[in-house]
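Colleague: I am new to this structure and would like to go through a few local details. Could we look at it together?

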Amino acid sequence: MLKEIIDQFYIDNQTDKPQTKFYMSDAGKCHRAVFFKFKQAPAKKKDPVNMRIFEAGEWLHRYIYNVLYQSKIGVVTEVPMPPDDIISGRTDAIVSIKGENYVLDIKTINSFQFKFLQGGKPEHQFQVQLYMHFLKIHKAILLYIDKDKQDLKEFIVEYDVKLVKTLLDGLNGLKDQIEKNIVPGVLIDYPENWQCSYCSYRPICDLAGKNELKWNDFKEKISEAPQPDPVPLPIENLTLPLDN
């Protein structure tokens, strides 16, 4: 009864607003998946369970903000990036500890991931590298919350100018493909890469093949393809990005 009503609410209220700039969380992601997102290509519907997990993660972020405020350290939350032509976003916070500023990015993960976490995940490090670059702050804190047991781990990330250049070069190259309507090729380790396993665009990606192709030709092919049902993603691979 209620479960069906609640689940249907989440299914009916999924909206993907048109994207005109890259989000910070796009850094290091599969270029083909980001391309499909820009073009609003057909994608698997989000599973209601996953959507509720993301909402719960947002509440955990608010809890951390409240603790930081009450601890009387310098903190500014949800700081937007300076205007940029190709990328936008907002970091969770900037905190000042003993006179030094840090970009703060908060991630919620489950106990399985948390137990084996030895450093910031690469995709999360990519995000904070770009935040540090645009906000001109050279240190960041990746704060992970075990959403099952409420334990915490933190990792300090130092600004890496070479890595930032690589990330920005990659986004600029992808921007050129988006503007020229060229669908990027697949990841080098497709389909074993973890992104492939949980990608909302996997059905049409498989249909496209491995190499680059013209979007205008391919979109006619996918317009007649059946739409897949919502497929729940494995919970151990869910984290909460807040910058988009």
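Colleague: Is Asn110 buried or exposed?

Modeller: Asn110 counts as buried because its relative accessibility is 6%; buried means under 20% relative accessible area, exposed over 50% and partly exposed in between, with a 1.4 Å probe and protein chains only. Please note that this is a predicted model, in which local features need pLDDT of at least 70 and side-chain atom pairs count only at pLDDT 80 or more, while totals for chains, interfaces and linings use all residues. Residues are numbered from 1 along each chain as its sequence is written, and side-chain values use heavy atoms, with hydrogens and water left out.

Colleague: Where does Asn110 lie?

Modeller: Asn110 is in the loop between strand 5 (100-109) and helix 4. Helices (H or I, at least four residues) and strands (E, at least two) are DSSP runs, numbered from the N terminus.

Colleague: What does the side chain of Asn110 reach?

Modeller: The Asn110 side chain reaches the backbone nitrogen of Phe112 at 2.9 Å, and that of Gln113 at 3.1 Å.

Colleague: And Phe114, which helix is that in?

Modeller: Phe114 belongs to helix 4 (residues 111-116). With a relative accessibility of 5%, Phe114 counts as buried.

Colleague: Which residues is Phe114 in contact with, leaving aside neighbours within four places in sequence?

Modeller: Phe114 is in contact (heavy atoms within 4.5 Å) with Ile109, Tyr144, Ile145, Asp146, Asp151, Leu152 and Lys153. Its C-alpha atom is separated by 9.6 Å from that of Asp148, 34 residues apart along the chain.

Colleague: Changing topic, at what angle do helix 2 and helix 6 pack?

Modeller: Helix 2 (residues 31-38) and helix 6 (residues 161-179) pack at about 45°, and their axes are 10 Å apart. Axes are lines fitted to C-alpha atoms, for helices over the stretch in contact, and angles run from 0 to 180 degrees between N-to-C directions.

Colleague: Which residues meet there?

Modeller: From helix 2, His31, Val34, Phe35 and Phe38 meet Gly170, Leu174, Gln177 and Ile178 of helix 6.

Colleague: What about Gln150?

Modeller: Gln150 has a positive phi of about 65°, although it is not a glycine. Gln150 is in the loop between strand 6 (139-146) and strand 7 (152-158), and is partly exposed, with a relative accessible area of 42%.

Colleague: Which peptide bond is cis?

Modeller: The bond from Tyr190 to Pro191 is cis, with omega near 0°. Pro191 is found in the loop between strand 8 (182-183) and helix 7 (194-197).

Note on methods. Polar contact = N/O pair within 3.5 Å; in protein donor to acceptor, adjacent residues only side chain to side chain.
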